[in-house]
Structure formats: structure tokens, C-alpha cells
Amino acid sequence: MNKLEEDIIERLTYTQLQSAEYKQAYELLKGAYKQLAAELTEKQFNAFEKYFNAVMETMAITEKLAYKQGIADFINTLY
């Protein structure tokens, strides 16, 4: 991870922690995750967790790309 990516993560984390909307959505996510963990068999849960991790990684990459594109668009607007 390079310095720009570290800065992006730091800014986004700060912004997320300030957002009531994010906090509410995160609580729903945690509740659904706990419910699945309690109800699925070990094999089902392992498959779900593998899928969930892949989705989260994809979302993180998409978020990073959108942030970088926003920076590029802002710079292009200035010049």
C-alpha cells in the first residue's frame, strides 16, 4: 500500500465514523452477520465468509478507485 492509499483509507475511515447513516448501516450489517454465524452450518458459514470477504475486498477497491477518480476530476476542473 502506498502513501496515497494510506491517506485515502485514513480520510474515509474518519468520514465513516462521523456519519450516523454509516453507523446505522454498520450495526445492521453486524447483526445480520451474527445471525448468519449462529444459524449456518460450519461448511455454509465458511462458504459465506469466503464470499463476504470477496465482496468487501471488491467494495474497498471500488471505493479507492472512485476516490482517486474524484481527485483526478477535481484537478482537471482546476486546470
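Mentor: Helices here are DSSP runs of H or I with at least four residues, and strands are runs of E with at least two, numbered from the N terminus. By that rule α1 (3-18), α2 and α3 are helices, and each supplies at least two residues of the lining of the largest pocket. This is a predicted model, in which local features need pLDDT of at least 70 and side-chain atom pairs count only at pLDDT 80 or more, while totals for chains, interfaces and linings use all residues. Residues are numbered from 1 along each chain as its sequence is written, and side-chain values use heavy atoms, with hydrogens and water left out.

Trainee: How do you know that the span of helix α3 agrees with its number of residues?

Mentor: The expected span is 1.5 Å times one less than the number of residues. For the 37 residues of α3 (residues 42-78) that gives 54 Å, and the end C-alpha atoms are 54 Å apart, which means that the two agree.

Trainee: What makes a residue of α3 count as buried, and which residues are they?

Mentor: Buried means under 20% relative accessible area, exposed over 50%, and partly exposed in between, with a 1.4 Å probe and protein chains only. In α3 the buried residues are F45, F48 and F52, and they pack against α2 (20-39), contact being heavy atoms within 4.5 Å. V55, also in α3, has 28% relative accessibility and therefore counts as partly exposed.

Trainee: Why are K3 and D7 called a salt bridge?

Mentor: The term requires a side-chain nitrogen of Lys or Arg within 4 Å of a carboxyl oxygen of Asp or Glu. The closest N and O atoms of K3 and D7 are 2.9 Å apart, so the pair qualifies. Both residues lie in α1, four residues apart, about one turn of the helix, and K3, at 56% relative accessibility, counts as exposed.

Trainee: What makes K30 and E27 qualify too?

Mentor: Their N to O distance is 3.3 Å, which therefore falls within the cut-off. Both belong to α2, three residues apart; K30 is partly exposed at 32%, as is E27 at 47%.

Trainee: What makes a space a pocket, and which residues lie nearest the centre of the largest pocket?

Mentor: On a 1 Å grid over the protein atoms alone, a pocket is an open set of points where a 1.4 Å probe fits, with protein on both sides within 12 Å along at least five of seven lines; lining residues have an atom within 4 Å of a point. The largest pocket has a volume of about 560 Å³, and of its 17 lining residues Q16, M56, M59, A60 and E63 lie nearest its centre.

Methods: Grid points are joined across faces, edges and corners, and a volume is the space filled by probe spheres set on the points.
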